Amino acid sequence: MPGAARPSAPHVSACVGLPPAASFNASNRAYPDMSAVAVEGTSESAPTVAGIFSLLIDARLNAGLPPLGPLGPRIYEVARAFPGEAFDDVATGNTKTSCATGFPATKGWDPATGWGRPRWPGLLEHFGSDESIRRRAAVRSR
C-alpha cells in the first residue's frame, strides 16, 4: 500500500474478557489477523489460509495484476472498510482448552479469531482485484 495510510493493528489491551495480564504480553501488537476456524488449530488453519491467498495471487497474475505483497495492511483495511464481505466475524467461543482462562471471540476484531474466517467471494473481490481499494481511495481523496 505505498502512499496510503497504513491501518494500525489492534492492541490486545483494547479487548474485554482477557485472561490475567500476567499470562500474556499486553505491550505488543495483537494477533491473529484472521482465523480459518480449523479442527486442529494453527497447524491446520495456517496452511489453509496460505492456500487461499495462493489462489488469490494466481487470480491476480492471470488478470495481469501484480502479486499482493505484504498482506497485513490490506487485511486490516478491507476488514474495516468492508465489514462482513471478506471475513465472517466469529463472535462466540474462547481459546480456553485445558487452561482456566482463554482469549474470547467477540464482535469485530478479537485475539481469538482476528477479523474472523475468510469468505471466498469477498476475498476475491477485495484481494483478487484492486478496484474496491481504488474506489475507497478515490472517495477518501474527495
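Buried means under 20% relative accessible area, exposed over 50%, and partly exposed in between, with a 1.4 Å probe and protein chains only. This is a predicted model, in which local features need pLDDT of at least 70, side-chain atom pairs count only at pLDDT 80 or more, and totals for chains, interfaces and linings use all residues. Residues are numbered from 1 along each chain as its sequence is written, and side-chain values use heavy atoms, with hydrogens and water left out.

**View 1. Ala91 in the loop between two strands.** Let us begin with a single residue. Ala91 sits in the loop between strand S1 (87–88) and strand S2 (117–118); strands here are DSSP runs of E with at least two residues, helices are runs of H or I with at least four, and both are numbered from the N terminus. Because its relative accessible area is 39%, Ala91 counts as partly exposed. Leaving aside neighbours within four places in sequence, Ala91 is in contact (heavy atoms within 4.5 Å) with Ala105, Thr106 and Lys107. Thr106 lies 15 residues from Ala91 in sequence, yet their C-alpha atoms are 4.1 Å apart.

**View 2. The whole chain, for orientation.** The chain has four helices and two strands, arranged along the sequence as α-α-β-β-α-α. Of its 142 residues, 33% count as buried. Among contacts with a separation of 6 or more, 66% join residues 24 or more positions apart. The chain's mean pLDDT, the predictor's confidence in each residue from 0 to 100, is 84, and 87% of its residues reach 70 or more.

**View 3. Helices H1 and H3 cross.** Two packed helices are described by the angle between their axes and the distance between the axes. The axes of H1 (residues 42–62) and H3 (residues 120–127) come within 10 Å and cross at roughly 45 degrees. Axes are lines fitted to C-alpha atoms, for helices over the stretch in contact, and angles run from 0 to 180 degrees between N-to-C directions. H1 and H3 are therefore oblique to each other; angles under 35 degrees count as roughly parallel, over 145 as roughly antiparallel, 65 to 115 as roughly perpendicular and the rest as oblique. H1 brings Ile52, Phe53, Leu55, Leu56, Ala59 and Arg60 to the contact, and H3 brings Trp120, Leu123, Leu124 and Phe127.

**View 4. Helix H2 and its crossing with H4.** H2 is mostly covered, with seven of its ten residues buried: Pro73, Arg74, Ile75, Tyr76, Glu77, Val78 and Ala79. These buried residues pack against H1, S1, H3 and H4. The axes of H2 (residues 72–81) and H4 come within 12 Å and cross at roughly 70 degrees, so H2 and H4 are roughly perpendicular to each other. Here the contact is made by Arg74, Glu77, Val78 and Ala81 of H2 with Ile133, Arg136 and Arg140 of H4. The crossing of H2 and H4 is left-handed.

**View 5. Ser132 in helix H4.** Ser132 belongs to H4 (residues 131–141). With 2% relative accessibility, Ser132 counts as buried. Not counting residues up to four places away in sequence, Ser132 touches Phe82, Glu125 and His126. H4 has the lowest mean pLDDT among the elements of the chain, 83, whereas H3 has the highest, 96.

Definitions and conventions
A crossing is left-handed if the near helix is turned anticlockwise from the far one by less than a right angle, and right-handed if clockwise.
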